[in-house]
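Visitor: I am new to this structure and would like a close look at a single part of it. Could you take me slowly through one pairing of side chains and then through what else can be said around it?

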Amino acid sequence: MDARKDIDAQVLVEDDDAKLRSLGITPVLDRAWTGFSTAMIVMSSMSILTSIIASFDVALIFGGPVVAVWGWVVVSAIVMCVALNMAELSSAYTTSGGMYYWTYRLVGAKYAHFASWVAGWLNLVAQLSGNAAQTALMADLTITLVDMVAAYNGTEPPEFSKGQMYGIYVAWCLAATAANSLGDKVNIRMNEFAGIWNLVGAVVMTIVLPAEFAGVWNLVGAVVLTIVLPAMATSHQPASYVFGHFETAQAEAAGITNPVYVVCLGLLLPAWAFTGLDSAEYMAEETQKATRSQPRAILMGCVAMFVFGLGLILSLLFSMPSLEGAIDPDSPSGGYAMAQIMYDVFLQRTGSPLGGIVLFALFPLVGVYTCSMSSLTYAARILFSYGRDRLVPCADWWGSFNHRTRTPQNAVWGATGIAILLGLPMLGSSVAFESLLSLSTIALFVLYAGPATLRITCGRRLFLPGVFKLGCWAYPLGVISTLWWIFSLIVFSLPTEYPVTGDNFNSAPVTLGAVLLLASAWYWVPGIGAKKRFNGPSFDVVAFERQLLLGEAESGIGQPAKPAQQMLQQ
């Protein structure tokens, strides 16, 4: 029986590797990730708990409950269109290059090298700064936990210096790296656990603010919180308030009075929640049955985020004692609305906030750590792929892999080192650090929908679909995706407070422009520019010819797909 399973597993590996060779890439990584494992890394990377703990207060400030609920529904529907486009592309191109590789294949031969170079660098900066943002959130929530415990004990919360905050940040960076250095068997189990914990946590909070429940993490956490919070709450907000109350007082205090403007800014909650949707792509070269597993993982992650995230949001809103108290920066949680609601609910029910503090530590805090761990997992794969394709300096080092575990350990530790360096500005100006982190969300909006735009424009005759096909739906879904990234680029570049000062300036469009300008200059600069040395994604002629002889190779960039025999004759 075991021998039969081993034979079946080997057949799957050979089929997956055949697809990779058809793209001109030699398989070197271990295919230890199952479809379920890949779906879990998507759920853990998007992380319901991380997304809502980080930005729930933004929705409450800009529009209140009505924006939090209906904004989540509307944006989820739009992002599903983006996800369907990504699913089709991931089924066709099963490489860890992700959107950088998609851009190369779809933009056409004339601009393929330049476009993929810029897309690659934009994606790398966005992913590495996003990983730094999640770790910084973890450090901030650690301090929040200390402050909540101090409030429970009736003592003054300790003051943390910038050096101490940076030390906490580095400690969490290394904790995520440690989990990624234990080999695929352990890493896969941890990512599966992380995805489930997020969902369960959301459900439990939805009920306990109805009943105490302990389950298994990101899915578990979402489930737990969805159940626990309403059950524990001594009173609940009416449905008319949760589904219909439009809050403008906080936005007006920030100098924003236009209701449309307020609503647009409130959409940052659902928009940021769906970043991480691309994480499955970067595991493609380590995933079994990748042409099917990749699109399933992306779509499952999107649906799970919508359903469980909406449940958790409703739970928090029904259980919230007051909006003003939830977002008060002088509260024990320091303005983290989700944490403060948990604190207040248990305080009102039991006379002690201890239960809320414990729940906060078990689910949101652990959920953010698992999100950071998962984002490092796929950020390292991106760095590995870019090293293999000589997109980055020290390419041979980044593109190497551990021959014992068949995992890119150099890239794992390299990504950690970069995250530690990205955190250095917090020792000086917090504005400089936040400017770098703000790039992640806005850049990923462009990168998610950009290939979908290419798919229906200049790449429409170059694209050879995989197992998952959209058919005639590719065009309307591509149009929606294109309009969404244009809308996102404009709206999330707007100021969030007036008058605009150096402390509240939204630097996202400036940092985005700087990355695009520097990447372009690096490519075109005479003499030392990348134009002379960068030839696009790695192409192994031997691997390609092997599949060509088998009749399974795909055509080159800029050419419509051709039968293998026709290509061989040419």
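Guide: In this predicted model, the side chains of E88 and R455 come together in a salt bridge, with a distance of 3.1 Å from N to O, and the structure holds one such salt bridge. E88 belongs to helix α4 (residues 65-92), while R455 belongs to helix α21 (residues 430-456), so the pair ties together parts that are 367 residues apart in sequence.

A search of the whole structure finds zero disulfides, and C472, at 61% relative accessibility, counts as exposed.

For a contact between helices, one may turn to α18 (residues 354-388) and α20 (residues 409-422), which pack at an angle of about 105 degrees with their axes 8 Å apart, and that angle makes α18 roughly perpendicular to α20. On the side of α18 the contact is made by L376, A380, R381, L383 and F384, and on the side of α20 by A411, V412, G414, A415, T416 and I418. Sorted by class, this contact of α18 with α20 has eight nonpolar, two polar and one charged residues.

Terms used: Residues are numbered from 1 along each chain as its sequence is written. This is a predicted model: local features need pLDDT of at least 70, side-chain atom pairs count only at pLDDT 80 or more; totals for chains, interfaces and linings use all residues. Side-chain values use heavy atoms; hydrogens and water are left out. Axes are lines fitted to C-alpha atoms, for helices over the stretch in contact, and angles run from 0 to 180 degrees between N-to-C directions. Helices (H or I, at least four residues) and strands (E, at least two) are DSSP runs, numbered from the N terminus. Angles under 35 degrees count as roughly parallel, over 145 as roughly antiparallel, 65 to 115 as roughly perpendicular and the rest as oblique. Contact means heavy atoms within 4.5 Å. Ala, Val, Leu, Ile, Met, Phe, Trp, Tyr, Cys and Pro count as nonpolar, Asp, Glu, Lys and Arg as charged, and the others, Gly among them, as polar. A disulfide is a pair of cysteine sulfur atoms within 2.5 Å. Buried means under 20% relative accessible area, exposed over 50%, partly exposed in between (1.4 Å probe, protein chains only). A salt bridge is a side-chain nitrogen of Lys or Arg within 4 Å of a carboxyl oxygen of Asp or Glu.
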